[in-house]
Amino acid sequence: MQPDAVRAAIEEDPASVGLVSVMWANNEVGTVQDVATMAAISHEHGLAFHTDAVQAAGHLAVDFAESGVDLMSISAHKFGGPLGIGALVAKRDARLVALSHGGGQERGVRSGTLDVPAIRGFAVALTEAVERREAEAARVGVLRDRFLAGTQALDLDIRITGCWTPGDVSNRLPGNAHITIPGCEGDSMLYLLDAAGVAVSTGSACQAGIPQPSHVVLAMGRSEEEARGSLRVSFGWTSTEADVDAVLAALPEAVERARRASGAA
């Protein structure tokens, strides 16, 4: 999303906007947004700005104070912490309305007994992820680049979704690779690659089980047919060069069979 699009959306009907919320980094195609500029635009109109930084924390240089945002959400499971624990980081003067009431925990915003073990695991995981971030981002970025460059060398008309510059781990999530394969159904590719021992996805985990083309890819101007042929390939702490080579080795046969099944071959 471009900052000018945020400005245009606000100025279309300023009175109807109560809060502006933008993902720091997209969970499907890995695009990193200019949240600092978008927050500044929101403040020009007297609006608070929230960012969903779940994909970014522990993987990108996230500085809450420097970004100028008012509210930021993060989740521990995205950087190796426990499931079911997250945080809403808020400026001191942010006006928050409680959704649950009772004992007044968490400054009255969210009453209920605190899950101390999960909170401790959250803190330890985030501390370690931040300490290792630069080195790990560089390592995983090399794997991502190896994969994306490899898809282009296969001569299968595979298209890379979103911005990608080899070596750049600031404008796209280091571990995110997203491709579109013309003539293939993403679900067919998912099952064929799974049979070859390769785990990929056709979209975000939030959309798992929904047989619809990615709304993210559609919003980027791709056709429904292109969106249906999309795959997300993610790389993380356990990923190796051997894993990348295994995916690239499995792709040609999977693409051939998927195209044959769809009648495109």
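Me: What makes β2 and β3 a pair?
Reply: Two strands pair if DSSP finds at least two bridges between them, and strand β2 (residues 48-52) is joined to β3 by three bridges, so they qualify. The two strands run parallel, and His-50 stands opposite Leu-71 in β3. The strands themselves are DSSP runs of E with at least two residues, just as helices are runs of H or I with at least four, numbered from the N terminus.

Me: Before we go on, what kind of model is this?
Reply: It is a predicted model, where local features need pLDDT of at least 70 and side-chain atom pairs count only at pLDDT 80 or more, while totals for chains, interfaces and linings use all residues. Residues are numbered from 1 along each chain as its sequence is written, and side-chain values use heavy atoms, leaving out hydrogens and water.

Me: How do you know which way β3 and β4 pair, parallel or antiparallel?
Reply: β3 and strand β4 (residues 86-90) pair in the antiparallel sense, over five bridges. Within this pairing, Ile-74 stands opposite Ala-87 in β4.

Me: Why is β3 called mostly covered?
Reply: Buried means under 20% relative accessible area, exposed over 50%, and partly exposed in between (1.4 Å probe, protein chains only). In β3 (residues 71-75), four of the five residues are buried, so the strand counts as mostly covered.

Me: What makes α4 a kinked helix?
Reply: The bend at a residue is the angle between axes fitted to the seven residues ending there and the seven starting there. In α4 (residues 116-153) there is a kink of about 65°, centred on Arg-133. Just after α4, Asp-155 takes a positive phi of about 60°.

Me: Are Cys-163 and Cys-184 buried or partly exposed?
Reply: Cys-163 has 38% relative accessibility, so it counts as partly exposed. Cys-184, with a relative accessible area of 5%, is therefore buried.

Me: What makes a space a pocket rather than a cavity?
Reply: On a 1 Å grid over the protein atoms alone, a cavity is a set of points where a 1.4 Å probe fits but cannot get out, whereas a pocket is an open set with protein on both sides within 12 Å along at least five of seven lines; lining residues have an atom within 4 Å of a point. The largest pocket is lined by 23 residues, with Gly-86, Ala-87, Leu-88, Val-89 and Glu-106 nearest its centre. β3, β4 and α4 are the elements that give two or more residues to this lining, and β4 supplies the largest share, five residues.

Me: Which element gives the most to the lining of the second largest pocket?
Reply: That is α4, with six residues. Both α4 and β7 (230-234) supply at least two residues of this lining.
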